[in-house]
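Work through the exercises below with the sequence and the model open. Each task is followed by a solution in steps.

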Amino acid sequence: MKKIPFIPMIFSLFMIGALFPSCKKDQIHILNLGNFSDTSGNLKDAATMAGIHFGMAVDYNDFTSNATYASVVKANCDQVTFENEMKGQYLLQNDGSVNFTQADAFLNAVSNAGLQVFGHTLIWYQQQNATYLNSIVGGSGGGVSNLLSNGGFESWNGSTPTGWAYYNQQNGNFSQGTGGANVHGGSYSLAVNVTAGASDNWRLQVASPSFPVVQGHVYLVSFWIMSPVGGSQYQVEGRSPNGSVSYSGNQPTPSTWTLKTFSFTAASTGNGMITFDMGASPNGTTYIDDVSVIDQTLAQQNATPTAIAHRLDSVMKNYITAVVGHYAGKVVAWDVVNELFADNGQIRNNTNTPNSNSNPYFFVWSNYLGDSLAIKAFQYARAADPKALLFINDYGLETNTAKLDSLIAYVNKLKSLGVPIDGIGTQMHISWNTPPAAIDNMFQQLASTGLKIRISELDVKINPYAKPNIAATPLDEFFAYQAAEYQYVIQSYLKNVPKNQQYGITVWGVHDADSWLYNNGNDFPLLFDVNFKKKPAFSAVLQALKGNGQ
């Protein structure tokens, strides 16, 4: 232990008191700089000697364009986790297909460097393609599609929109609407030009492309319409295959773009259509755009929890099968389900996990699939790659006993049902003052499941209370505290998890500047500083691995 002179020690204690609220210190957090100067050797060799994997979360651009970054990863890791490239936001496309281009390029780069890949993550409530997933559960018409083709009038054959037909043009004509104010969406709209007033709407009619209808089903017609002409009118017809017609009656046309609707019940099964009747308007132009027809009866049927769950389960199966199957034999293990539990220990739903910031990549799978989510997800992953190890992953387990207890109970339930789960990942985004006793308890409880245990996303904050301008403070003491905490985590893991259940450790990032906790230089949570220099924490982890839990 390095001896600290009395006067500097008083100064250091003053600085700590200024940065952090007073609290009762445990033995590991008594102020000292420790013996963390020896940084010789590398982490992967020490981890291999301890019988576990050592990895880091890596970024594609940094790994492929920054030689120093890549050399640190290669020297210290035998396994890596992609920080983003294997998440749904990057793989799943708006049409439900999967694009592997960048993930494949990244996998080839790290594989050529001799590194294994731990897949992260298949099912999570963040960084998802919410646009596509919400369309499946009903965010766009109850999970049913628009039956009408070319409702946005983007395709034209000469002066006629593709698929549409002009039935009567006795007192006017139709043309392509252009210009920003005359178009609601896309590049074009339908312009209805009335050249002479008339008493009958039918004297100026346009008919839609046909679409399939089912007798007794209700069809909701939605469209945007506007006309600067005062007194302008429109009428919508819903036509069934047997010739039966439902009328909206004359309706006033708004002067600005407004969404209007009309519904009709199909009198027979076959191909139906709608028409817009515009002849009873005064001279001038009306614009129509973004027309859709939805089978409202089917939408209501599809909106039941059972129907939604069935559709989403099918999407999940297809996605997991595609991704895990594509990387079978190339990705050694997967975080199959990530952060399933809310902080109160309940499985996430839209109530306990609201999208309060309107995040466009936010989708809570378990709101619709409940506790069957992981059961199905693990089964689909095992079928796609029988050799890959399958993990459930979560955060806060070292301090949140409600979540820890819920996770363990759920994992034991999965085991009792024969679900193919191999391990548990504990993220451990912790701070220099996270209580050692809580860390010990977590590892002991996780180990009681009999599954493999992995530290999956380790980092240690030196500034847990986000005090401003911490970089201007002498940081030696805080780096020592951080190192001691890193060391304790590794020692506790190797001590409290039986050897045959130890899988490995992944630090969430390579150097401080690329950490999600860096906060513009106001925290330094990783093993290397912004210049890739080894910190005391590196030495502490190296010592703990070499000590094999002692």
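**Exercise 1. Cavities and pockets**

Task: Determine how many cavities of 30 Å³ or more there are, which residues lie nearest the centre of the largest cavity, and which are closest to the centre of the largest pocket.

Solution.
Step 1. The count comes to one cavity of 30 Å³ or more. On a 1 Å grid over the protein atoms alone, a cavity is a set of points where a 1.4 Å probe fits but cannot get out, while a pocket is an open set with protein on both sides within 12 Å along at least five of seven lines. Grid points are joined across faces, edges and corners, and a volume is the space filled by probe spheres set on the points.
Step 2. The largest cavity holds about 70 Å³ of space. Its lining consists of 13 residues (an atom within 4 Å of a point), and Trp124, Tyr125, Asn338, Ser366 and Leu373 lie nearest the centre.
Step 3. Sort that lining by type: nine residues are nonpolar, two polar and two charged. Here Ala, Val, Leu, Ile, Met, Phe, Trp, Tyr, Cys and Pro count as nonpolar, Asp, Glu, Lys and Arg as charged, and the others, Gly among them, as polar.
Step 4. The largest pocket has about 290 Å³ of space. It is lined by 14 residues, and Trp124, Glu339, His429, Glu457 and Trp516 are the closest to its centre. Its lining divides into five nonpolar, five polar and four charged residues.

**Exercise 2. Confidence**

Task: State where the pLDDT is below 50.

Solution.
Step 1. This is a predicted model, in which local features need pLDDT of at least 70 and side-chain atom pairs count only at pLDDT 80 or more, whereas totals for chains, interfaces and linings use all residues. Residues are numbered from 1 along each chain as its sequence is written, and side-chain values use heavy atoms, with hydrogens and water left out.
Step 2. The mean pLDDT (the predictor's confidence in each residue, from 0 to 100) is 91, and 93% of residues reach 70 or more.
Step 3. The pLDDT is below 50 over residues 1-27. Beyond near neighbours in sequence, this stretch has 31 contacts (heavy atoms within 4.5 Å) in the model. Where pLDDT is low, the predicted coordinates should not be read in detail.

**Exercise 3. Strand pairing**

Task: Give the strand order of the open sheet of five strands, then find the strands joined to S16 by three bridges.

Solution.
Step 1. The order is S7-S8-S17-S11-S15, with antiparallel pairing. Strands (E, at least two residues) and helices (H or I, at least four) are DSSP runs numbered from the N terminus, and two strands pair if DSSP finds at least two bridges between them.
Step 2. Strand S7 (172-177) and strand S15 (258-265) are the edge strands, each pairing on one side only.
Step 3. Within this order, S8 (residues 189-194) and S17 (residues 284-295) are joined by five bridges; Val194 stands opposite Gly284.
Step 4. Turn to S16 (residues 270-277). Three bridges join it to S9 (residues 204-207), where Ala207 has Thr275 as its bridge partner. Three bridges also join S10 (residues 211-213) to S16, and Pro212 is partnered by Asn271.
Step 5. S12 (residues 233-239) pairs with S16 in the antiparallel sense over five bridges, with Gly238 opposite Ile274.

**Exercise 4. Backbone details**

Task: Locate the cis peptide bond from His120 to Thr121 and the positive phi of Gln127.

Solution.
Step 1. The His120 to Thr121 bond has omega near -5°, and Thr121 is found in strand S3 (residues 116-123).
Step 2. Gln127 is not a glycine, yet its phi is about 50°. Gln127 is in the loop between S3 and helix H7 (130-137).
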